[in-house]
Amino acid sequence: MSLGAEGLREVAEIAVLNNNYLLNKVLEIPGASAPYAAGKRRIEQVRYSWEELTKETGVHSEEIGLRAADFGVHYWTSHHPFVVPEPCTLEPTESFSKDDLDEYVAIMAHVADEARTSPDLVKTAP
């Protein structure tokens, strides 16, 4: 209420923009997919899946989240119930800048690469 009608609209638009930006960037990471967003824009959050990466490397979503902690970021984990295999539900909201989102995606891409090159590193983190 403290934002007023204009402020509320602005934060809602930023949240949707952030979410769709993140969707496009995460889908560039090999091994990540968004089964419920194929060809569609999202309003709030996207339920991603690391199933392809898990099949390739044996590294699970929870292990990716623990490894992300080594880089000082929180693995947004509001993905219960598990309706997709190896879920990761990202909800960037309006409070993250483009730089924040780019950094986060870079860390996710790095961890996905580590899963391929050093799976035990990811599996034993943090």
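Let me start with Ser-61, which is found in helix H3, residues 61–69. Helices here are DSSP runs of H or I with at least four residues, strands are runs of E with at least two, and both are numbered from the N terminus. This is a predicted model, in which local features need pLDDT of at least 70 and side-chain atom pairs count only at pLDDT 80 or more, while totals for chains, interfaces and linings use all residues. Residues are numbered from 1 along each chain as its sequence is written, and side-chain values use heavy atoms, with hydrogens and water left out.

Is Ser-61 buried or exposed? Ser-61 has a relative accessible area of 1%, so it counts as buried. The cut-offs are under 20% for buried and over 50% for exposed, with partly exposed in between, using a 1.4 Å probe and protein chains only. If neighbours within four places in sequence are set aside, the contacts of Ser-61 are Trp-50, Tyr-75, Glu-86, Pro-87 and Cys-88. Contact means heavy atoms within 4.5 Å.

Two of those residues, Pro-87 and Cys-88, take us to strand S2, residues 87–90. Both faces of S2 are covered: Pro-87 and Thr-89 are buried on one side, Cys-88 and Leu-90 on the other. S2 runs antiparallel to S1, residues 46–49, and four bridges join the two. Strands pair if DSSP finds at least two bridges between them. Opposite Cys-88 stands Tyr-48.

Next, helix H1, residues 4–26, which holds Leu-22. Leu-22 is buried, because its relative accessible area is 0%.

Now the whole protein. There are five helices and two strands, in the order α-β-α-α-β-α-α from the N terminus. Of the 126 residues, 40% count as buried. Among contacts with a separation of 6 or more, 66% are between residues 24 or more positions apart.

On dimensions, the C-alpha atoms fill a box of roughly 50 × 30 × 25 Å along the principal axes.

Last, the surface. The accessible surface comes to about 7,200 Å², and 56% of it belongs to carbon and sulfur atoms. The areas come from the Shrake-Rupley method with a 1.4 Å probe; for residues, only the protein chains shown count as cover.
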